Amino acid sequence: MPHNDWIAILDFGSQYSQLIARRVREQNVYSELMRFDTAAAVLRERKPAGIILSGGPSSVFAAGAPQADPAIFGLGIPVLGICYGQQLMAHLLGGKVKPGQAREYGSATIEIVKPEALFRGLPAQLDVWMSHGDQVESLPTGFQTLARTPTCPVASMGDSKRRLYGLQFHPEVVHTPRGVEVLRHFVFDVCGCKGEWEMGRFIEESVAAWRKRIGGGQVVCGLSGGVDSSVVAALLHKAIGPQLHCIFVDNGLLRANEAEQVEATFGHALGVNLTVARAGARFLDALRGVEEPEQKRKIIGRVFIEVFAEEARKLGNARFLAQGTLYPDVIESVSPLGGPSATIKSHHNVGGLPPDLKFELVEPLRELFKDEVRRLGRELGLPDFVVQRQPFPGPGLAVRILGAVTAERVALLQAADARVQEEMLTWDGYARVWQSFAVLLPIQSVGVMGDCRTYENVAALRVVESQDGMTADWTRVPYDLLARISNRIINEVRGINRVVFDISSKPPSTIEWE
Ligand code: XMP
């Protein structure tokens with residue numbers, strides 16, 4: 001960020017650190033997670049408007065507990081310590097922290113003692129979320145108690161002269177209903193942020209920066225049709241136009257009409273240089289007779305790299321490779337829990353390229369969360385069906401066709417899946433859905449159609465809700481909608497005579513069946 005209207009968040013390993021970053025960004029203020037031990041000199045150089053010390057799982061008394069550079073408190077930049085951050089601030093500035101006897105975890109009501117600064121305009125009693133063992137017992141010089149509970153004498157503290165504040169509770173979680181207002185007071189009133197970080201501005205700055213960085217070079221971009229690569233392509237197209245070359249590998253394992261949609265959206269509507277490698281037959285050949293899920297995945301990964309590399313070589317002298325790496329992929333490594341040796345993880349959608357293809361990486365979404373990528377895509381004019389697209393596994397329908405993959409079975413699943421999508425889109429609960437799709441089972445069952453006995457395939461319907469794909473629950477889809485989906489598949493898709501609904505959550509099941 002070229003200007004200083006941003007908040008640095010020093011990450012002490014709390015499960016909520018990313019959430020703090022998101023909450024700040026939701027106020028249109030850029031924020032960035034940084035290592036907990038970032039030197040004061042680095043912060044002086046980068047000039048954030050404020051610093052937040054996140055919570056963390058440690059006790060300040062534990063051996064090897066993550067420490068902040070004490071000089072950050074003397075930079076003249078406002079600091080807000082949250083939970084462990086408050087304890088550390090108190091500890092480093094000469095206050096006293098008491099080792100916790102018992103962990104306090106859950107809802108609490110704090111009494112606001114000084115209804116100013118962080119708590120201006122808020123009621124005298126505030127419901128908050130606590131999760132801590134240690135707590136501050138006596139304040140460092142210059143600090144006052146701003147809020148307390150009967151068991152936690154310093155639920156919040158502050159030194160308004162030095163603009164240093166602490167909260168024992170978590171303002172970033174939804175269980176602190178007015179927590180965002182507390183954060184806003186810090187970000188706007190204390191730090192003086194203007195809240196001008198918007199996607200429009202991000203596009204402008206990003207386009208200018210990448211134009212400069214790429215110069216006259218050529219960029220290759222693997223376009224999958226998913227949200228991330230689509231937004232990368234749209235953004236770089238805006239920045240460098242014809243110097244961008246997208247390669248779309250049609251592996252023949254995509255959802256119905258997806259290949260055509262990608263071609264129409266990027267090739268025709270946006271005018272991006274687009275190579276479509278129609279490699280469906282090659283993938284099916286390589287998959288012939290293979291039933292074991294891991295083997296399927298490996299084969300598809302290998303053939304993808306082969307096809308992509310061939311197309312990239314044809315483009316000649318490209319110097320850069322664009323990837324849709326997102327912020328959560330990058331920041332995993334900064335938390336103290338990640339350990340000092342943890343290296344930054346990059347998306348390897350096009351990882352493992354042969355050695356003759358050496359690219360410099362272009363990762364324009366490295367600073368963004370998924371919902372921000374969607375906003376960016378919208379701002380760039382991408383259609384809703386691209387921006388809202390559900391996650392789709394790299395190996396595609398091959399991991400939704402249990403058993404051997406053939407052209408006929410791909411077509412059968414595409415037809416059933418298309419009915420699922422059409423009907424799901426009519427439901428007003430669709431926004432809650434993470435993924436909805438059909439799976440083709442490797443069994444046949446007996447049915448009756450007219451007066452005839454049938455012996456045909458079974459399709460399973462999978463509809464799940466999830467925040468990040470790590471855990472998921474099956475969606476309570478209304479019976480009427482289930483009935484419509486089932487009727488349409490059985491009546492309209494020849495070859496399927498039974499539909500079952502998957503009611504397993506993750507864990508212990510996974511979202512995909514293979
Ligand atoms: P599972 O089935 O492991 O899936 O619960 C979790 C999420 O990841 C997606 N998924 C993949 N995404 N390449 C991807 O890019 C893959 O090989 C892959 N396998 C699963 C899945 O659709 C779900 O959203």
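Just past helix H1, Asn28 sits at a positive phi of about 65°. Keep in mind that this is a predicted model. H1 itself spans residues 17-26, and its buried residues are Ser17, Ile20, Ala21, Arg23, Val24 and Arg25. From there, let's move on to the ligand and then the core.

**Ligand surroundings**
- Around the ligand you'll find Arg297, Pro391, Pro393, Gly394, Pro395, Trp434, Gln435, Gly469, Lys506, Thr510, Ile511 and Glu512.

- The side chain of Arg297 puts an N or O atom 2.7 Å from an oxygen atom of the ligand.
- Lys506 also uses its side chain: an N or O atom there lies 2.7 Å from a ligand oxygen.
- With Ile511 it's the backbone that takes part, as one of its polar backbone atoms is 2.7 Å from an oxygen atom of the ligand.
- On its own the ligand has 490 Å² of accessible area, and the protein covers 68% of that.

**Nonpolar core**
- The largest nonpolar core counts 69 residues, and Ile51, Ile72, Leu236 and Leu376 have the most contacts inside it.
- Helix H6 (residues 227-240) supplies the largest share of this core, with nine residues.
- This core lies between domain 1 (6-190) and domain 2 (199-387), because both of them give residues to it.

Terms used
Residues are numbered from 1 along each chain as its sequence is written. This is a predicted model: local features need pLDDT of at least 70, side-chain atom pairs count only at pLDDT 80 or more; totals for chains, interfaces and linings use all residues. Side-chain values use heavy atoms; hydrogens and water are left out. A residue is near a molecule or strand if one of its heavy atoms lies within 4 Å of it. A polar contact is a pair of N or O atoms within 3.5 Å; within protein, one must be able to donate a hydrogen and the other to accept it, and residues adjacent in sequence count only if both atoms are side-chain atoms. Accessible areas come from the Shrake-Rupley method with a 1.4 Å probe; for residues, only the protein chains shown count as cover. A nonpolar core is a set of buried Ala, Val, Leu, Ile, Met, Phe, Trp, Tyr and Cys residues joined through side-chain atoms within 4.5 Å. Buried means under 20% relative accessible area, exposed over 50%, partly exposed in between (1.4 Å probe, protein chains only). Helices (H or I, at least four residues) and strands (E, at least two) are DSSP runs, numbered from the N terminus. Domain bounds come from an automatic or database domain assignment.
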